[in-house]
Amino acid sequence: MTVSNGDAKPAEVSVTSVTDAAAVPSLIKQISALGDNFGENTSDETRLSLCLKARALWKALETPRETMIRHCWGQPAAMCALTVGTEKGIWEYLAEHPGPFKAAEVAKAKEIDPPILCRLMKHLAAMGYLKELGPDTYERTNFTKAMAVPIIGQSYPPISGGCNAALDQFSKWAHKTGWKTPNSISDGPYQMAFNTELNFFQWLQANPPYGQQFNYHMGGYHQGRPSWMDPGFYPVEENLVKGFDNAEGSALIVDIGGSIGHDLEEFYKKHPNVPGRLINQDLPIVIGQIEKLDDRIEPMSYDFYTEQPIKGARAYFMHSVLHDWPDETCLQILSNITAAMKPGYSKLLINENVIPDTGAHWETTGLDIMMLTLLSSRERTRENWEDLLSKGGLKISGIYSSREGAESLIECELA
Ligand SMILES: C[S@@+](CC[C@H](N)C(=O)[O-])C[C@H]1O[C@@H](n2cnc3c(N)ncnc32)[C@H](O)[C@@H]1O
């Protein structure tokens, strides 16, 4: 590891000057034009565009020193405070006692030494996640109200306690192993950081309640994003329902690694009249964590490294599953699917990111680094997908996408 002399900084950089003064006036004009008629009826596209511009403006205005302090102190400390809030049930407590609150009183009710919670809440207010009404008195914003919703608030503990150490120690791992791309699911950065031989999913499940909280996190990730089953994305009727062999016991969709069934529930809600079985497969421990599931969806314990029990389904579906594994492991998973597919009839639908060569969205690149450090895996480009799937005996029959940064649906058939 190299540590440079603090005095030796390149002469052309001032760490206390605005990062990009020239960009500021134009960004303000663009924000003003986009925001002129902003209201409840503003399109999501305009809102997202405003977010990108506002973020760019903030970054242009900050000095390098301010950005560094925000990264090193502000954000990690906010992550800590939000995680404590979930783990100590503060967000649920505030949902049950709505309105302005004094942090010291909440601390007493939750058996926390008041100065701890007062300091954590003060930081959250300073970061803009609570409204500060007076000394030690706050009101929740829409965001901190949402922290009481499991798919939002429960996301924090498994990331703080079950992921961040792998990101923090990635450089150390890479240094030790000679800066080679990790490709082992049992001996990578995650295993070094958590001193384990278990893979990421096994470790989370072995450390409750992280496994269950991670299921909520996945549910939260998908909220509000364009979904492949929505009109104008993938032709569900034309490509799946038409041509479906409606014999008794036939499956329309088998969701492999479907977690607690949120994707098939959404599918059934949006397409209530489809024929055939809808089957949600995951590891027994995850299937056992399902609290409620529409009657039309069949939960099934299944390990995707073993023979697929449902043969000849119209579609096998995997959402955010193959990105979890390096190519060699994906080929094992794919071989169990292709062996069950009926030639000329079954499709494999892969709901994943297809990373563009330029202009990738930060959610996708962020996820890619999570995959690198947690699972020795990656988000894939079109070329990566073509290469992997052809090795797995499949050909891509279509790639369907909607807006920038959203996942695509890759439709495949047996080659
Ligand atoms: C990133 S999550 C995606 C979950 C869901 N498809 C979604 O998009 O919300 C990956 C899923 O793969 C499941 N999984 C991991 N190993 C598995 C295995 N060997 N067999 C079946 N499912 C597995 C995990 O339990 C988890 O639910």
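This is a predicted model: local features need pLDDT of at least 70, side-chain atom pairs count only at pLDDT 80 or more; totals for chains, interfaces and linings use all residues.
Residues are numbered from 1 along each chain as its sequence is written, and side-chain values use heavy atoms, with hydrogens and water left out. Helices (H or I, at least four residues) and strands (E, at least two) are DSSP runs, numbered from the N terminus.

**Helix H3 with helix H6**

- Helix H3 covers residues 64–87 and helix H6 residues 114–126; they pack at about 125 degrees with their axes 9 Å apart. Axes here are lines fitted to C-alpha atoms, for helices over the stretch in contact, and angles run from 0 to 180 degrees between N-to-C directions.
- H3 and H6 are therefore oblique to each other, given that angles under 35 degrees count as roughly parallel, over 145 as roughly antiparallel, 65 to 115 as roughly perpendicular and the rest as oblique.
- On the H3 side, Trp-73, Gly-74, Ala-77, Ala-78, Cys-80, Ala-81, Leu-82 and Val-84 meet Leu-120, His-123 and Leu-124 of H6 (contact means heavy atoms within 4.5 Å).
- This contact of H3 with H6 has 9 nonpolar, 2 polar and no charged residues. Ala, Val, Leu, Ile, Met, Phe, Trp, Tyr, Cys and Pro count as nonpolar, Asp, Glu, Lys and Arg as charged, and the others, Gly among them, as polar.

**Helix H1 with helix H2**

- Helix H1 (residues 24–35) packs on helix H2 (residues 44–61) at about 155 degrees, with their axes 10 Å apart; the two are therefore roughly antiparallel.
- H1 contributes residues including Val-24, Leu-27, Ile-28 and Ile-31 to the contact, and H2 residues including Leu-50, Lys-53, Ala-54 and Leu-57.
- By class, the contact of H1 with H2 divides into 11 nonpolar, 4 polar and 1 charged.
- H1 passes H2 in a left-handed crossing.

**The sheet of 3 strands**

- An open, antiparallel sheet has the strand order E1-E3-E2 (two strands pair if DSSP finds at least two bridges between them).
- E1 and E2 stand at the edges, each with a single partner strand, so one side of each has no neighbour in the sheet.
- H6 packs on this sheet, touching E1, E2 and E3, and its direction makes about 110 degrees with that of E2.
- Strand E1 (residues 101–102) pairs with strand E3 (residues 137–140) over 2 bridges, with Lys-102 opposite Thr-137.
- Strand E2 (residues 130–134) pairs with E3 over 4 bridges; Leu-130 has Arg-140 as its bridge partner, and Glu-132 stands opposite Tyr-138.
- E2 and E3 form a hairpin with 2 residues between them, and Asp-136 in the turn has a positive phi of about 55 degrees.

**The sheet of 7 strands**

- This open sheet runs in the order E6-E5-E4-E7-E8-E10-E9, with mixed pairing.
- Its edges are E6 (297–301) and E9 (394–400), each with a single partner strand, so one side of each is left without a neighbour in the sheet.
- From one strand to the next, the twist averages 25 degrees.
- Strand E4 (residues 251–256) and strand E7 (residues 315–319) pair in the parallel sense over 3 bridges, and Ile-253 stands opposite Ala-315.

**The annotated span**

- UniProt, in an unreviewed entry, places "domain: O-methyltransferase C-terminal" at residues 238–393. UniProt positions follow the numbering used here, feature names are shortened, and annotations may be inferred rather than shown by experiment.
- The end C-alpha atoms of residues 238–393 lie 24 Å apart, and the span is 34% helix and 18% strand.

Conventions
A crossing is left-handed if the near helix is turned anticlockwise from the far one by less than a right angle, and right-handed if clockwise.
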